Amino acid sequence: MNESSTIPTPFEEIPRILERYMPASIAKGVLAQVLRSRNLVAGGLRKPEDVSIAIEALQKAIEIFIHDGSLLDACKRDLRRLARGREDGELDWDTAAVNVEITTDLQMVRARNIAKTMAEAKGFSKTDQIKIATAVSELARNILRYAEKGRVKVECGRDQSRDFIQITALDQGQGIPNLDEILAGRYKSETGLGLGILGCKRLMDEFDIQSVMGKGTMVTLRKYL
Amino acid sequence: MSQQIPIIRLRDNLLVSVQMELTDQLVAALKDNVAEAIRSQDIRGLVIELSGVDILDSYIARSIRDISHMARLMGVQTIIAGLDPCMAMTLIEMGLVLTGVSTALNLDSALDILGRSSDEEQKAKSAFLGRLLDRQP
């Protein structure tokens, strides 16, 4: 299931990062120039040391092409992360999973940003990325508001040749009363609990909820590519 | 020490340009700050500019709507501008309909609308005064 051919090589990944910050043609040219200046061959970018050398040289080269300070910092950061990733091991987007504990507002923000990033990496459209991130935000907010503590898991997967991203929100709160009414769209709470859950259901392709009074709640959402 | 969403005064309008992650605290503080700004200054328009916002969940969207309604109750015309089309689509699909909220595509249009209505107000005032004076014996 995890073939190394699905993981992009540095030679493919570096231009992809650069293209976020400069035109594609320039990105290719910059990389070619850097490789030449360091006597590296594109196909030879397999050794972590060579990748590091290339990325170090790139950090300098991009300063000529990216004028905006914050964009330059962001590009350098992305390249550094790539260099580190090559040394520590590959992140396999096919089966990546991230768990976020939800106990504060900032963790809710972090969870939705992670979801958006994973969706983008997986190849979802911008609109789908927003939908996925919004759904995560709704679920995380419900955990914060009603259960005080819980966990959101965002993972990528594959089901019979269909790629998907799956969100699981788990808490040990008091459970959701009136669940049937909420899912039918009839319940209008003071605090807005119903709207969030129903909203999530509408945004995603698959939706499942298990809630036991006094024990907790688990919501599972899936969106297919 | 803690971050706050800045409120900028532009002639007799308030401009709130959100350029950071919207948390519950930030939105609550914004509501208080907007109320205070309207109360203490002669404001006739408010623009909430959202082009810097990535993700809007239903609660934050409703809170922004509440700020808009609150301003209107205080006599201030509110316009929400720069909402990303993907976000607008997401909110609609979720079933969240923001009623009673004026919107504009961007800051420019929003200020145009506010400028026009303040012009019309001026015209209406002068017309009214004119009629009053005509009726004087």
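This is a predicted model: local features need pLDDT of at least 70, side-chain atom pairs count only at pLDDT 80 or more; totals for chains, interfaces and linings use all residues.
**Chain B, fold.** I began with the secondary structure of chain B and counted four helices and five strands. Read from the N terminus, the order of elements is β-β-α-β-α-β-α-β-α. I then looked up burial: 42% of the 137 residues in chain B are buried. For contacts in chain B between residues at least 6 apart in sequence, I noted that 73% join residues at least 24 apart.

**Chain B, surface.** Which residues make the nonpolar surface patch of about 400 Å²? I found Phe128(B), Leu129(B), Leu132(B) and Leu133(B). I placed Phe128(B) in helix α4 of chain B, which covers residues 107-135.

**Contact of chains A and B.** I listed 23 residues from chain A and 22 residues from chain B in the contact. The area buried between the two chains is about 2000 Å², and carbon and sulfur atoms give 52% of it.

**Pairs across the interface.** How many salt bridges are there between chain A and chain B? I counted eight. I looked up the one between Arg141(A) and Asp24(B), where the closest N and O atoms are 2.7 Å apart. On the side of chain A that touches chain B, α5 (105-122), α6 (126-147) and α8 (193-203) each supply at least two residues. The largest share of that side comes from α6(A), with ten residues.

Conventions: Residues are numbered from 1 along each chain as its sequence is written. Chains are lettered from A and ligands numbered from 1 in the order in which they are written. Side-chain values use heavy atoms; hydrogens and water are left out. Buried means under 20% relative accessible area, exposed over 50%, partly exposed in between (1.4 Å probe, protein chains only). Contact means heavy atoms within 4.5 Å. Patches are made of residues with over 30% relative accessible area and no salt bridge: like charges are joined within 9 Å, nonpolar side chains (Val, Leu, Ile, Met, Phe, Trp, Tyr) within 5 Å. Accessible areas come from the Shrake-Rupley method with a 1.4 Å probe; for residues, only the protein chains shown count as cover. A salt bridge is a side-chain nitrogen of Lys or Arg within 4 Å of a carboxyl oxygen of Asp or Glu. Buried area is the accessible area (1.4 Å probe) that two parts lose on being put together, summed over both.
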